[in-house]
Every structure is written in C-alpha cells, then in structure tokens.
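Colleague: I would like to go through this model with you. Please take my questions in turn.

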Amino acid sequence: MTILLSTLNARYTHASLGLRYLLANMGELQSLTHLQEFVIGTRAVDIAEKLLAHQPRIIGFGVYIWNVEETTKLVALLKRVAPEIVIVLGGPEVSHETEAQEITRLADYVVTGWGDVTFPQLCRAILHGPKPLMKIHAGVQPPLDDIALPYRLYSDEDIAHRTLYVEASRGCPFKCEFCLSSLDKTAWPFNLDAFLAELENLHARGARLFKFVDRTFNLNIKSSLRIMQFFLDKLKARPDDPVFAHFEVVPDHLPDALKEAISQFPPGTLQFEIGIQSFNPEVQTLVSRRQNNDKAAENIRWLCQHSHAHLHVDLIAGLPGESIESFAAGFDRLFALGPHEIQFGILKRLRGTPIIRHTEAYGLLFDPHPPYAILATDCIGFADMQKLVRFARYWDLIANSGRFAHTLPHILRAAPFENFMALSEWLYERTDATHRIALDRLALLVSEWLQSQGVHADTIDQALSQDHAGKIGKTRGAKAKTDSLAQPEPSLLSRQARHLAA
Ligand code: SF4
C-alpha cells in the first residue's frame, strides 16, 4: 500500500517544495509515502510506467500552470491502464475554477489551497474509510506553527545539484489583481527560530544555494535582518565557500537598517527579484497595485550603486490601460536605473485572479490555453503584442544573458526600448525564429544590424571581442556549434558572473 506524491517540475534543478511539505505532514502515513518527481517534456507513458512500478494505491499530483497540460494527459493515461488507483490533485492551477477543468473531471479528488493538513486527512479517509463523498476539498489553513517543516527531506543529491526553495513566510498583504497571492490578503510568518535552525542544518549538510519563495521578503524588517545576518555570518565564517541567497522584495520599502545589511554582501552572493510591473500610475491604480514609483526608483538606483546585489527587475506588458508607449516609457525609466536584468513578462490570466474584472472594459483577450497569455487589449492589438513577446525573448537572449554586455550599449543608445524593438523585428525578419539560433550566428546578426545603423565596424568588433557571444563567434567551429541558444538558459550564477564581469 503506497501513496505517491508526484509532479512535473519545469526543470530538473527545481526541487518541489510543495511535495516535500506534503510528505513532511503525512503523520503516520509518512512511511508509506514516496516522492517521485519528473521534468516536463518526459513522455506520459514513461512517467506512468515509473509510477505504476510502485503499485500505488493513491497518487497525489502537484498541478501548476507549467505542467497542467502534460499532467492532464498523464492522469488520462493512468485512468486507462490503472483505473483503481485513486488520483488526488492539488496545487494553484486546480485551486480555482476547479470544476471547469478537464483534469478535475478525470481525477478522483482535488484539494484546493493549502494541502498540508487536508491531503493526509483525505488519504486516511480513502485508505480506511469512510469514503469521502465530496470530490473537491477546500484545504484547511492551519497556524503555521502546526505545519512540519520539510527541509530535512531535501536529499543529499538535492543539496548537491538542485536549487533549494525555502520560505520564511506565506502569503502577501498586497492586492495586485494579476497575482494569485493577492487572494491571500495577508502574510503569515513561520517561527523564525525554527526556520533558521533548518537553514543551519541545510548549510551544515553542504547547501549553498537558497531561493526564498516568500512573496515579499522585506515586509517585516526585523525578520529580514535576522535572515540576512544568518547569511552574513556564514559568509564571514566560510568566505572561500560562500552561500548565495535569492529574495523577492518590494522596491519601495528599504529602510536604512536593511540597506546597511545588504551593502555587506560581497559580489555573487545576493540576488533580488524586484517587482515593478508598471511605472504607469493609472495602470497601477487599475490593477490595485500600491507602489511609490519615486521611492522604488530611488531604491533600485541605490542598490545598483551601493550594493553588490544582483538585481532582476520585473515588468509586465499587456496590463489593462497600458499602451506600448507607456510601457516603453516605463522600460526606459527602469533601464536607466541600471538593474542587471529586466524580466519582461507578458500578462497571464492566472486562474482565480481578479484581473478578469477588466476584461470587457479594456478589451482583454487571453489565450485559453496555459499559460493563458494576453493576446490583445484595447490599447495593444494582436500583432503588436506578438512584437512584445519577441522583444521579451530576444531581450533575454541578448541583454539578460549577459552574453552581449559590451555590445548592448551600442544597440540601445539613447532610446533603449525603441532601438531594441527595431533590432528585435529585424532579427525576426532575418531568422523567422526566436529559439534555436546558435550564439555565433546571433553575434554575426547583431554585428550586421549595428553596421546597418551606422556603428563603425571596428567599434562593433571591439565590443563583441570582449563579450562571451563575440568570443564564441571568433572560435566558430566544433565548440561554437555546441553553444546553441537552444540549450538550457545559463544558471543564475553564470549569468550573474557575466554581468559582474562586464
Ligand atoms: S505582485 Fe507581489 S506584491 Fe503584488 S500581490 Fe503578488 S506577490 Fe504581492
């Protein structure tokens, strides 16, 4: 009699924190419960075969926006070959609009919201009766102190090869309408002493790469400072074997005490993901995002100038009321502040988010299939939205990758958005592709485009020769052909290293 916990992660390096929470909270069923993770792109039949080899009685699947289509096929297959196995779904993708989904129809039960308490309860009822009558079970949300922490379930292999996700709090007090966390309406902290003890244990076992999934790390500054001090102590004790920490922060709340701690982190040890989303106050009001733009800009500039933190700042294109012109102005404003990466996202209609209230008034058209990206608004037509999608892709390849760090200023000059859009459209005309462009070819194309813009060939050669992309171009041949952009994106740390070296 076995219970399997399974999911399809977006990459092998992403170890599922959600499944480990469930396993940690299985109580007396824990010894019967096993974890089996897969990566999207694996054939459903191969996954099914591996799962069935355990002869499970119950399989719980974590369903997310990136795996819902593949998990739906997998559940359909399992129900064909082994209909007696009880399939339980959980995760954000099935927690809203639950009954409308094909995967729900195929499964036996769904736990919406938090599963830490409700999933084991449901398993007990399935195994020992009475048989649960309801198909959909709203997850009980216990006090965080009642939830067993999962960090000891990271295996030595996870520690050695995968990103370790950790959380010091759940939820978010803000109400940005495009975000699922807006439904939480508040944030709940875990017991900090217990959490830090778990971090200590992970560090002692060799963990060095910690990614915090807290939606707003800098909400409670006292807690933020203690966590930062934990990492600073480790860095001081083992400077030759440094830790790396990634946090999501709100940009307009950076008191001096936090700045003081941040400024002590040496290069390559700290990364912030900062949500700006839009610099347009009217759009912010429309989507209920509270943000002091001037304060946010001032803090990002401070971080760029006075800290070694690697900054990854998010913008969203396609929000209601945002035109290309206002998005471009926000992009240029952000670029001028100097963050290392601008994560240019396209609005998605996440299930359950209140953004849909603007659908009619702002002509929002979303792709009905995951990841439910916006296709057009009354401000941005379909063709222009596709241009933005391409811009985002090429921006990632050329700017965020750090592979063209010395060449980028020649591309962007005084009008970053406008000039990069021109390059983006030119690249698309030339290649008819946004993926699978070999890096040496991309370097040649960028060089050609710059020449067409009147940049002197010597200037371009000089810039490219200092860039990773240009070096690949120079050694074109057997090695260069293997450095294709079709390969997985460079790791956070290698991207960071290229930005720091530029
Ligand atoms: S976008 Fe960030 S600040 Fe806004 S609700 Fe989501 S997590 Fe909270």
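Colleague: Which strand does β1 join, and how many bridges are there between them?

Modeller: This is a predicted model. Strand β1 covers residues 3–9 and runs parallel to its partner. One of the pairs is N9 with V39, and V39 lies in β2. The strand joined to β1 is therefore β2, since strands count as paired from at least two bridges, and the bridges between β1 and β2 number seven.

Colleague: Which strands stand at the edges of the sheet?

Modeller: Six strands make up an open sheet with parallel pairing, in the order β2-β1-β3-β4-β5-β6. Two of these strands have a single partner each, so one side of each is left without a neighbour in the sheet. From one strand to the next, the twist averages 20°. The edge strands are β2 (33–39) and β6 (136–138).

Colleague: How many residues of domain 1 are in contact with domain 2?

Modeller: The domain assignment gives domain 1 as 3–145, domain 2 as 154–380 and domain 3 as 402–502. Taken over C-alpha atoms, the centres of domain 1 and domain 2 are separated by 28 Å. On domain 2, 17 residues take part in the contact, and on domain 1 the number is 14.

Colleague: How is that side of domain 1 divided by class?

Modeller: The residues in question are those of domain 1 on the side that touches domain 2. They divide into four charged, four polar and six nonpolar.

Colleague: How many charged residues does the shell around the ligand have?

Modeller: The residues surrounding the ligand include C172, F174, C176, C179, S181, S182 and R215. T216, V250 and G275 are also among them. By class, the shell has five nonpolar and four polar residues, and the number of charged residues is one.

Notes: Residues numbered from 1 in each chain as written. Predicted model: local features only at pLDDT ≥ 70, side-chain atom pairs only at ≥ 80, totals over all residues. Helix = DSSP H or I, 4+ residues; strand = E, 2+ residues; numbered from the N terminus. Axes fitted to C-alpha atoms, helices over the stretch in contact; angles between N-to-C directions. Near = placed C-beta within 6 Å. Nonpolar A, V, L, I, M, F, W, Y, C, P; charged D, E, K, R; others polar. Domains from an automatic or database assignment. Contact = placed C-beta atoms within 7 Å.
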